[in-house]
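Have a look at it first.

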Amino acid sequence: MAYRASKTNQYNLIITLFKSWIIGNNLPAGVNLSGVDLSSIVFTNGQLLSDCNFYRTDFSGANLSGCHLENSNCSKASFLNAQLAATRFDSAILSSCDLSGANASSAVFTVANLFKANFNKADLSFANLSQANLSSASFLGCTLNGANLSNANIAKANFSFSNLSAATLPANANTKTAFKSIVGKNHWHPTNTLWTDGAPIGA
């Protein structure tokens, strides 16, 4: 009697083959990989993954350094502990996305929607978040040294225990008083939130 793989086994085989294929191959615009497990994959620097649907896709532990995800829908995706150095997320949708523990140094998030995104303990050193929607995002313990947040929406974002040394803040939040007012109560820490001059933000 011939062996017949279950639908689950068939699906797992397809995903395994796809994971092998995707390394180094550019994805055509419009590809839908929502909910797919792409964790721990090492993508190729400069690989094109833009204009795709990655809703709830699991990129945890993956290396996407230097990849292009411009205009992609990454809402509720997981980039937990991912390598995102110099990755391009221009105009991408990353609302409610988990980027905690990620290395996103020098990554580009210009005009991206990061509403309620989780950047806890992430490295955003020298990242470009200009004109991004960062409202209600969490930056607990996040390193934002030299990051560009000009013209970004940081309303109700949580910067407790974060490092803003040498960061460029939005014009409406570039003083301590204005910053505290915009992010709100309990979203900064007097001694453990470091201001743009490297000193504690103060009470």
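Q: Is Asp-90 buried or exposed?
A: Buried means under 20% relative accessible area, exposed over 50%, and partly exposed in between (1.4 Å probe, protein chains only). The relative accessibility of Asp-90 is 13%. That value is under the cut-off, so Asp-90 counts as buried.

Q: What kind of model is this, and how are residues numbered?
A: This is a predicted model, where local features need pLDDT of at least 70, side-chain atom pairs count only at pLDDT 80 or more, and totals for chains, interfaces and linings use all residues. Side-chain values use heavy atoms, with hydrogens and water left out, and residues are numbered from 1 along each chain as its sequence is written.

Q: Which residue meets Arg-88 in a salt bridge?
A: Side chains of opposite charge can pair when their charged atoms come close. A salt bridge here is a side-chain nitrogen of Lys or Arg within 4 Å of a carboxyl oxygen of Asp or Glu. By this rule the count is one. Arg-88 is partly exposed at 31% relative accessibility, and its partner, 2.6 Å away from N to O, is Asp-90.

Q: How many helices does the protein chain have?
A: Helices (H or I, at least four residues) and strands (E, at least two) are DSSP runs, numbered from the N terminus. The chain has zero strands. α1 covers 7-22, and α2 covers residues 176-183. The number of helices is two.

Q: Which residues of α2 are buried?
A: The face turned away from the buried side carries the exposed residues Thr-177 and Ser-181. The buried residues of α2 are Phe-179, Lys-180 and Val-183.

Q: What puts the buried residues of α2 on the same side?
A: In α2, Phe-179, Lys-180 and Val-183 are buried. They lie on the same side of α2 because of the arc they cover around the axis, taken from the directions from the helix axis to the C-beta atoms. That arc is only 95°.

Q: Which residues have the most contacts inside the largest nonpolar core?
A: A nonpolar core is a set of buried Ala, Val, Leu, Ile, Met, Phe, Trp, Tyr and Cys residues joined through side-chain atoms within 4.5 Å. The largest one has 58 residues. Those with the most contacts inside it are Phe-79, Phe-109, Leu-114 and Phe-179.

Q: Which residues does Ser-135 contact, leaving aside neighbours within four places in sequence?
A: Ser-135 is in the loop between α1 and α2. Its relative accessible area is 10%, which makes it buried. Contact means heavy atoms within 4.5 Å. Ser-135 is in contact with Leu-114, Phe-115, Lys-116, Asn-153 and Ala-155.

Q: How many disulfides are there?
A: A disulfide is a pair of cysteine sulfur atoms within 2.5 Å. Cys-97 is buried at 1% relative accessibility, but its sulfur is 6.3 Å from the closest cysteine sulfur, in Cys-74, too far for a bond. For Cys-142, the nearest cysteine sulfur is that of Cys-97, 13 Å away. The count of disulfides is zero.

Q: What is the radius of gyration of the protein chain?
A: The radius is taken over C-alpha atoms, and the globule rule is 2.2 Å times the number of residues to the power 0.38. With 203 residues, a compact globule would be near 17 Å, which agrees with the chain. The C-alpha trace spans about 75 × 25 × 20 Å along its principal axes. The radius of gyration is 19 Å.
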